[in-house]
Amino acid sequence: MEPIIKIQGVHKYFGTLEALKGVNLEVQKGEVVVIIGPSGSGKSTMLRCINRLEEFDEGSIIVDGIPLDTAENINAVRTEVGMVFQQFNLFPHLSVLENVLLAQQIVRKRDRAEAEKVGMALLNKVGIPEKAKYFPGQLSGGQQQRVAIARALAMNPKIMLFDEPTSALDPEMIQEVLDVMVALAREGMTMVVVSHEMGFARACAHRAILMDAGQIIEEASPDVLFSHPTHERTKAFLSKVLH
Amino acid sequence: MSINPLSALPASVASAARTAKNERFDRWWIMVAAVVALVLLLITLKPDPYKNLFLFVRDGVWRTTYITIISFVLVIVFGLFVGLARLSKHKAIRGVATVYVEIIRGIPMMVQIIYWAFALPAIIQEMGSAWNIPSFMEYRPDGIVMAIFGLTFGYSAYMSEVYRAGIQSISKGQMEAARSLGMTYVQAMRYIIVPQAVRVILPPMGNELITLLKDTALVSAVAIPELTRRGREFSSANFNPIETWTMVALLYLVMTLLATRLVAYLEKMARYER
């Protein structure tokens, strides 16, 4: 089957620093892939290349059959790919509900009633329908991140990208966000997750990938990668993270 | 599925709305009232010269007001385009905008106004006679129009910097979140960045409005009969500089204080929970 995400030979430079050194990755529809690696290893950069928030200098990325080349194609891909950020990035001047409605209305061209139906259903799904009229600033970090997930899902994406979704959260709020992600994975959503949440990876991921210095070092099922890594760099990284 | 948990407004939103309403007439209005009262007091208690003076400069007040309003509306629009151009990723667009801002900021406003009023029409007339274009040769622009152009062109440079700083103050993540949802750049600007930037922009924008209002006095140099010009006319005809310039100063003060209140009100409207 044709992979839904196909990354081929992608290089990315920040000035003279080569952040991605020829990355190849294929993700199948319905697959959950977790990417781990030390900071600065290029994992977030690679994730951000998938919806072209980050431009890449060489190589190609094809998402759901659409190559990321023209502005038109990039926008088409972005409507099919939801993204959740470390810093939530909710729109602070809009209520929770408006956060979830805006893109549905102006990008998907849904009318208000339909968008509201979708939006409220998703706020129910992430467990905070009662906060619909609040502003993001009145919510806890965990609640904000759940709204951010609902906002992305409102576009009915085929793929969800998570960029360290729990790294900015207080420890007691991590689980509520992970629960939403687990539910999403169980429903068969294609997910690419940059995260060091080993519990989530073991429970849901089909594949775990270790990146270091702009390259994919090792990939395997989470259990194999975490318990029996073959590569020295994987072992070194895991020994630091798992303590 | 029911869509009803929306009915109960959070308490803090309701209370914020209440406070805003109570503060619509905050205590700074007392100052406006005091200055207005002082003007009225002078007019009633000492009609000669204050009443005559007021009646004489009245059309000047009106002219100052509409030069300010028209220029400012144009500055708001033109300044936004220059500000966005300054942030453009295209080098050429950014370069043109930057050169414009640097040139304008390097020339005194007074000189710019005189240039628009006298030099520019003369240039067009010269061009007309050089290339034999009759409509250019007889080019006599309306003085107020040129004054408004001069103020607009000059103030847009400053306003563009206000916009630029405001837009840059919004975190990059906001644009990324908007684009990741499939919004175009223009949609992201319109629905996400600008509405947030307005909050940051309003106070310095208010300063620009008040400075512009005061700088309309400069166009008296090109014979536009606005408030300052009318004051000078009255003062030289009646030899009463103290009374004249006291009244003119008070009338400017009424206008600037009102403008300050207007801006403060808009700032309150633009607030939201954070």
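**Sheet and helix packing**

In chain A of this predicted model, Met211(A) has Ile216(A) of E10(A) as its bridge partner.

User: In which sense do strand E9 and E10 of chain A pair, and over how many bridges?

Analyst: Strand E9 covers residues 207–212 of chain A. Its pairing with E10(A) is antiparallel, and the number of bridges is 5.

User: Which strands stand at the edges of the open sheet in chain A?

Analyst: The open sheet has 6 strands in the order E6-E7-E8-E3-E9-E10 (chain A), and its pairing is mixed. An edge strand has a single partner strand, so one of its sides is left without a neighbour in the sheet. In chain A that applies to strand E6 (81–84) and strand E10 (215–220).

User: Which residue of E7(A) stands opposite Met83(A)?

Analyst: E6(A) and E7(A) pair in the parallel sense over 4 bridges. Val81(A) and Met83(A) point one way from E6(A), while Gly82(A) and Val84(A) point the other way, and all are buried. The residue opposite Met83(A) in E7(A) is Leu161(A).

User: At what angle does helix H1 of chain A run to E7(A)?

Analyst: Helix H1 (residues 43–50) of chain A lies across strand E3 (32–36), E6, strand E7 (159–163), strand E8 (190–194) and E9 of chain A. Relative to E7(A), the direction of H1 is at about 150 degrees.

User: Which strands of the sheet does helix H2 of chain A touch, and what angle does its direction make with that of E6(A)?

Analyst: Helix H2 (residues 71–80) of chain A packs on the sheet and touches E6 and E7 of chain A. The angle between the directions of H2 and E6(A) is about 65 degrees.

User: How many of the residues of H1(A) are buried?

Analyst: Buried means under 20% relative accessible area. The buried residues of H1(A) include Lys43(A) and Arg48(A) as well as Met46(A), Leu47(A) and Ile50(A). H1(A) is largely enclosed by the rest of the structure, because the count of buried residues is 8 of the 8.

User: Is Pro67(A) buried, partly exposed or exposed, and which residues does it touch?

Analyst: Pro67(A) is in strand E5 (residues 66–67) of chain A. Its relative accessibility is 32%, so Pro67(A) counts as partly exposed. Not counting residues up to four places away in sequence, Pro67(A) touches Ile61(A), Ile62(A) and Asn73(A).

User: How many charged residues has the contact of H3(B) with H10(B)?

Analyst: Helix H3 (residues 47–86) and helix H10 (residues 227–238) of chain B pack at about 150 degrees with axes 7 Å apart. That makes H3(B) roughly antiparallel to H10(B). Among the contact residues are Asp59(B) of H3(B) and Arg230(B) and Glu233(B) of H10(B). The contact of H3(B) with H10(B) has 7 nonpolar and 4 polar residues, and the number of charged residues is 3.

Terms used
Residues numbered from 1 in each chain as written. Chains lettered and ligands numbered in written order. Predicted model: local features only at pLDDT ≥ 70, side-chain atom pairs only at ≥ 80, totals over all residues. Heavy atoms only, no water. Pairing = 2+ DSSP bridges. Helix = DSSP H or I, 4+ residues; strand = E, 2+ residues; numbered from the N terminus. Contact = heavy atoms within 4.5 Å. Axes fitted to C-alpha atoms, helices over the stretch in contact; angles between N-to-C directions. Buried < 20%, exposed > 50% of the residue type's maximum accessible area, 1.4 Å probe, protein only. Parallel < 35°, antiparallel > 145°, perpendicular 65-115°, else oblique. Nonpolar A, V, L, I, M, F, W, Y, C, P; charged D, E, K, R; others polar.
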